[in-house]
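Subject: Structure handover

Hello,

Please find the structure below. My notes on it follow.

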Amino acid sequence: MSTSDVPSAPSHRHRAVVVGGGLAGMLAAAALSDSVDEVTVIERDVLPSGPEPRSHLPQARHAHILWSGGAEAMERLLPGVSQAWLAAGARRVPLTSQMVALSPQGWYRRWRESHYLISCGRDLLDATVRDRVLALPNVTVLDATRVLGLVGDAHRVTGVRVRRRDGTEELLGAGLTVDASGRGTHTPRWLDALGVPAAREEVVDPGVVYASRLYRSPAGDQSFPVVNVQANARAAEPGRTAVILPVEDGRWLVTLSGTRGARPTSDPEAFGPFALAARHPIVGRLIAGAEPLSEVSTFAHTAGRRHFFEKVKGWPEGYVALGDAVAVYNPVYGHGMSVAAQGALALREALAAHGVTAPRLARRVQRAVAGPVGTAWLLAGQDIFYPGATARRPRMIERILGRCVDRLMRTSTGNYTVATALTDVMTLTAPVTSLLRPAVLLAAFRGPGRPQLTEPPLTDRELALVQSPQKTP
């Protein structure tokens, strides 16, 4: 084994290094490509050449939602990527007209379209982004390569130390290093080794376990809404969720989840009964006669965790973290991919405005990344009410905020103004402060304008598609 004594100089005027070749890493590479001469993505796995599973991404087997706020950020980073997803079989699902959702406060109505989501398997979504990024002329990947640590000091990161697949080690110099390595990030340990003060960390763990299975859609290739039965964190029982996500190739991806005391398992015989035991049995009923196309996959590493890097005094120049390296959330909210995209877009905008060598660029970017991170963290804040989610009781401000969210949710079941405002925030299209608009507050004060629905708002045509598979009524 040989080790270089000094970082290898960038072969061009400016080099950026991205740690991690997943979705966040590819988006970061796209963001950097316009502002530096060379982008090197370092990935510990060998990346697949198409929409195939990745070794260290077990959560890919479960439902992933790309909200419009994230899809539009990706489109700005990679023009044409949305059409590429659709051409590959993904679906653009208008909201809320094509979503049947039971919130903690009741069934949402299917209002006219105001937002959308992209629905497909995670492997297809990732592969489409990866293909477009790797086609950029100044982006290269070092796969089967592990990052061992950072080079530099507490004031500036100047690159990374890596071990290649043949066991040799070397130092790669970089004007900017971006950690997009995901929930297994080593940033806290790496920065500690350089003498950077530790960031505050917050953990919320409701003990959620996910179980997913693919089915042949009883509706065939006909369009069918997303079906989402949510949990109520403040109910006196464990939380259960059940989701049907129509994906490519005429399939349904069905994902169930449960907190402590009601967790799903990989037993295929228990999958349907668990879905029937959710707050409403609609998902269990819809899949009762559907043909399974896979075994049941489970995932248990779902604790929410946020590093407040933006608050670290003396954050080093030349280093940025984004995506799951900053915060991970209970996957039920579907915000991880969208937050990563908006963080990468913030990186690109800061580089375009100030340049890679600008003083305090890294701190400026880290604060910008905290914007979408904070919104998603706040929306996931309801998890704190599950027993055992934190080592402390919810604070007064958290209880007040929870009651406000309940009021908004209940009003949204019968008021288009509030429903659209909540969807603005949920899709990361608008900040949480948009809920403070006078029209929204007045509507919330008045309450729902219509009586609550007592049953899921499926149309007769949708029910007929399921009851008579492959036939149009």
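In which strand does W67 lie? W67 lies in strand β3, residues 65–67. Helices (H or I, at least four residues) and strands (E, at least two) are DSSP runs, numbered from the N terminus.

First, the ground rules. This is a predicted model: local features need pLDDT of at least 70, side-chain atom pairs count only at pLDDT 80 or more, and totals for chains, interfaces and linings use all residues. Residues are numbered from 1 along each chain as its sequence is written, and side-chain values use heavy atoms, with hydrogens and water left out.

**W67 and its surroundings**

W67 is buried, with a relative accessible area of 8%. Buried means under 20% relative accessible area, exposed over 50%, and partly exposed in between (1.4 Å probe, protein chains only). W67 touches L95, M99, Y116, L117, Y333, G334, H335, S338, M426 and T427, not counting residues up to four places away in sequence. Contact here means heavy atoms within 4.5 Å. Look at T427 in particular. W67 and T427 are 360 residues apart in sequence, yet their C-alpha atoms are 4.9 Å apart in space.

L95, one of the residues that W67 touches, has a feature of its own. A cis peptide bond joins L95 and T96, with omega at about 0°. T96 lies in the loop between β4 (91–95) and β5 (99–103).

**Helices α10 and α11**

Helix α10 covers residues 396–412 and helix α11 covers residues 416–426. The two pack at an angle of about 125°, and their axes are 7 Å apart. Axes are lines fitted to C-alpha atoms, for helices over the stretch in contact, and angles run from 0 to 180 degrees between N-to-C directions. α10 and α11 are therefore oblique to each other. On this scale, angles under 35 degrees count as roughly parallel, over 145 as roughly antiparallel, 65 to 115 as roughly perpendicular, and the rest as oblique.

α10 passes α11 in a left-handed crossing. That is, the near helix is turned anticlockwise from the far one by less than a right angle; clockwise would be right-handed.

Which residues meet? From α10 come L408, M409, T411 and S412; from α11 come V418, A419 and L422. By class, this contact has five nonpolar, two polar and no charged residues. Ala, Val, Leu, Ile, Met, Phe, Trp, Tyr, Cys and Pro count as nonpolar, Asp, Glu, Lys and Arg as charged, and the others, Gly among them, as polar.

How much of α11 is buried? Eight of its 11 residues are, so α11 is largely enclosed by the rest of the structure. The buried ones are V418, A419, T420, A421, L422, T423, D424 and V425. They pack against β7, α9 (361–379), α10 and α12.

L428 is found in the loop between α11 and α12 (438–446). L428 is buried, with a relative accessible area of 6%. Its phi is near 60°, a positive value in a residue other than glycine. A144 also has a positive phi, near 50°. A144 lies in the loop between β8 (139–142) and β9 (146–152).

Q105 sits in the loop between β5 and β6. Q105 is buried, at 18% relative accessible area.

**Salt bridges**

How many salt bridges does the structure hold? There are 20. A salt bridge is a side-chain nitrogen of Lys or Arg within 4 Å of a carboxyl oxygen of Asp or Glu.

- R15 and E38 meet at 3.9 Å, N to O. R15 is in strand β1 (residues 15–19) and E38 in strand β2 (residues 38–42), 23 residues apart. Both are buried.
- R76 and E349 have their closest N and O atoms 2.9 Å apart. R76 lies in helix α2 (residues 68–77) and E349 in helix α8 (residues 336–354), so the pair ties together parts that are 273 residues apart in sequence. R76 counts as partly exposed at 46% relative accessibility, and E349 does at 37%.
- E462 and R110 have their closest N and O atoms 2.8 Å apart. E462 is in helix α13 (residues 460–467) and R110 in the loop between β6 (106–107) and β7 (115–119), 352 residues apart. E462 is buried, at 6%.

Salt bridges that share partners also join R161, R163 and E169 into one network.

Best regards
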